[in-house]
Amino acid sequence: MLSLSEHKRIAGGGDTDEVLRNKIVTPTAQGFLLVRDPDTLSTFLYNPASSDDQVIQLPPLRGAGDDPAAPAGCVVLLVEGWDDTFIWYCRPGDDHWNKYEYDIGSHVLLYPDNKEEDQIKKNVICSIAACQGKFYFDCSAKEMRAIDLSSPEPAFTVIAIDDTIPADGSHGYDEQPPCRIFLVESNGEHYMVRLLFVSPYEGGDEIDRASAHKMDFSRRRWCSVRDLGGRAFLLSQFYFGASCSAASEHGLLPDRGCDRVYFMFDRNNSLQSLDVKDETYQLRKLDDAPKADKAFWLLPTHP
């Protein structure tokens with residue numbers, strides 16, 4: 001574990017190293033880690049920042065003392081990666097995970113293995129964020145999709161986006177070369193951050209420019225913003241996006257932590273921060289970080 005503000009390694013709370021050893025770990029935007037033991041198949045939510053090893057037990061995920069109370073209405077959603085088109089979901093207290101295969105369309109590969117015929121590939125869920133009781137994903141200038149898990153069966157819906165440019169010019173969503181899109185929930189608002197890299201076709205690790213947009217649900221429109229409400233957005237590979245207070249007790253410096261987007265590059269142990277107000281960039285090498293193939297953020301469970 002590395003402290004962003006102290007620029008050095010720090011110890012985790014409780015017996016974090018022992019709890020996570022040889023486990024499959026997935027971060028969440030709510031601060032908990034989703035942990036699965038590949039040997040026993042046991043699954044639980046873990047708060048690494050707590051001093052008493054706070055654990056919320058979940059049912060065993062098969063095929064892929066007093067416990068603290070889970071937040072009311074909590075739903076845990078796990079989206080399979082790569083080419084898989086199904087999700088797992090459950091609620092704390094359930095005796096099993098629910099598996100659901102989805103179909104959100106398909107596309108023709110631009111560079112198929114067989115040059116003589118089109119190769120069709122199913123669309124998969126990438127960046128996703130929970131906001132106002134639903135999970136939103138697949139956002140673009142013209143539409144976005146939502147998953148509602150309030151009923152026994154998941155309900156998928158498509159929301160048409162008004163992509164006309166308003167009189168105040170606040171739309172700001174223009175078509176650009178391939179970029180990475182990250183969705184972030186912050187204080188009940190739904191945001192989208194678009195990162196354009198210097199060499200997008202070559203897998204470059206240097207960000208050329210970025211833009212932040214907030215969804216206006218009443219008008220179904222993305223609005224370009226230069227203000228993140230005094231908070232910081234934390235992004236990392238595999239489409240992870242979360243919002244956190246920029247206060248010093250959360251590991252960010254209050255004089256320069258707010259209204260910034262932070263992105264972790266695990267391949268070269270560096271951190272790039274972008275100020276959305278003045279569009280300035282900073283690249284910081286994390287020389288004390290060990291070699292790793294995955295980097296993610298640890299957030300407070302009550303950010």
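Predicted model: local features only at pLDDT ≥ 70, side-chain atom pairs only at ≥ 80, totals over all residues.
## Aromatic cluster

Ring pairs join Tyr100, Tyr102, Phe137 and Phe156 into a cluster. In total, the structure holds 9 aromatic pairs.

## The pair Phe86 and Trp88

Phe86 and Trp88 form an aromatic pair with edge-to-face geometry. Their ring centres are 6.2 Å apart, and the angle between the planes is 80°. This angle is classed as edge-to-face because it is over 60 degrees.

Phe86 has a relative accessibility of 16% and therefore counts as buried, the limit being under 20%. Trp88 is likewise buried, with a relative accessible area of 7%.

## The pair Tyr100 and Phe156

A stacked arrangement is found for Tyr100 and Phe156, with 5.9 Å centre to centre and 15° between the planes. Tyr100 belongs to strand β9 (residues 98–101), whereas Phe156 belongs to strand β15 (residues 155–160), so the pair ties together parts that are 56 residues apart in sequence.

Tyr100 is partly exposed, at a relative accessible area of 23%. Phe156, with 27% relative accessibility, also counts as partly exposed. Both residues are members of the cluster that includes Tyr102 and Phe137.

## A charge over a ring

Phe86, the partner of Trp88 in the edge-to-face pair, also has a lysine over its face: Lys99 lies there at 4.2 Å from the ring centre.

Key. Residues numbered from 1 in each chain as written. Heavy atoms only, no water. Phe/Tyr/Trp six-rings, centres within 6.5 Å; stacked < 30°, edge-to-face > 60°. Buried < 20%, exposed > 50% of the residue type's maximum accessible area, 1.4 Å probe, protein only. Helix = DSSP H or I, 4+ residues; strand = E, 2+ residues; numbered from the N terminus. Lys NZ or Arg CZ within 6 Å of the ring centre and 35° of its normal.
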